[in-house]
Amino acid sequence: MLDYEGFFKQAVSKVKQEGRYRVFNDLERRVGSFPVAKSHVTGKDVTVWCSNDYLGMGQHPRVLQAMTEAINRAGAGAGGTRNISGTHHYIVELERLLAKLHHKESALVFTSGYVSNEASLCILTQLIPNIIVFSDTLNHASMIQGLRSSKCEKVLFRHNDMDHLEFLLKQVPLDRPKLIAFESVYSMDGDIGPIKEICDLAEKYNAMTYIDEVHAVGMYGEHGAGIAEREGQMERLTVIQGTLGKAFGVMGGYITGSHALIDAIRSYAPGFIFTTAMPPSLAAGASASITHLMHSNKERKQQQHNVAKVKSALAELSIPMLPSVTHIVPVLIGDPVQCKVASDILLKDFDIYVQPINFPTVPRGTERLRITPGPMHTDAMIDELVGALSAVFNRLQLKKAA
């Protein structure tokens, strides 16, 4: 008899030996106390410093009220896939709002940002014969998987390297279909893609553009539409993709674009067609969050203030950080075992929760603690974080910045 369980145990053992076995904290978020949550691992309250609920909108009274009212009015589930009975009015209103947010003709909502990227890029490139895709080397796994599934020809360009991208574009006939796929905010390093320069190259070499704004929507721009809005480039982009599960504080993913493009993906993408639709409560909560952030800059300003304060305080203590220009603060550890130990000490001794980030999320040797200050972190919490990180670096004798 084959020892099937042995294969699984061996695979897990390999990850543990490499020091990158992932342990998840059992957290209980409580309304009104964010970013503080109860840890069922330590039994104590902890301050969360690694949440992608960047603006705390998952706790906002308007979002909670909209979701509660939708449940009381429409019930819990969507009733099926969009093609059967899952297209409810809440999701139709949400798609209209997303199209308005990004200045596009139409939008399509998926169950997650991962699914929206995978399904959309796969079908988009299958529908256009002989297309070639130029993809940034640091694109998210969901984008990579979508392009892999499509089996289209693809070429990688060095991260944010416009000279390299143009060199590659020049090798392809002008009349051959092309797509440039990239992100606005790269979530692990905290840097930003050169949107204007990529749009310039796309127009010069007759290419479409696909931008992932997952870590930027809600966070940047006058109305929270992302980096493309901040830089006045939204109308130049073919497809803008985003999420409802980070700064908007709920769950789901989406794409926006022309009527024809959205209709084609709606009609062909298995990741859309065969998936149960988003429940009314989530759609209502997302609409409430987007509407609020379209008119309120208070959360963004306070969040940016706190990010600047954390970066400044860590720099004074020579805590090594990658050169992020966004709300993401990557504290470099450089070793998977030490990164996990640092995270464990922060949780056990300081009641601070920051997950270790290791391979395959980031390259080996660049393991880090990814800190995301939010508008609800207080000055006292910031002081506690900075003091705790300094103590951990000293205790573990971790390398500091020059």
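**Close-up 1. Pro35 sits in the loop between strands β1 (27-29) and β2 (36-39).** The peptide bond from Phe34 to Pro35 is cis, with omega near 15°. The model is predicted: local features need pLDDT of at least 70, side-chain atom pairs count only at pLDDT 80 or more, and totals for chains, interfaces and linings use all residues. Residues are numbered from 1 along each chain as its sequence is written, and side-chain values use heavy atoms, without hydrogens and water. Strands (E, at least two residues) and helices (H or I, at least four) are DSSP runs, numbered from the N terminus.

**Close-up 2. Pro360 lies in the loop between β13 (356-357) and β14 (368-371).** The bond from Phe359 to Pro360 is cis, with omega near 15°. Most peptide bonds are trans, and most residues other than glycine have a negative phi.

**Close-up 3. His103 has a positive phi of about 55° although it is not a glycine.** His103 is in the loop between α3 (89-101) and β4. His103 is partly exposed, at 47% relative accessible area. Buried means under 20%, exposed over 50%, and partly exposed in between (1.4 Å probe, protein chains only).

**Close-up 4. Asn206 occupies the loop between α7 (195-204) and β8 (208-212).** Phi of Asn206 is near 60°, a positive value in a residue other than glycine. Asn206 is partly exposed, with 47% relative accessibility.

**Close-up 5. Helix α9 (residues 259-268) buries Leu261, Ile262 and Ile265.** These residues cover an arc of only 95° around the axis, so they share the same side of α9. The arc is that of the directions from the helix axis to the C-beta atoms. On the other side of α9, Ala260 and Tyr268 are exposed.
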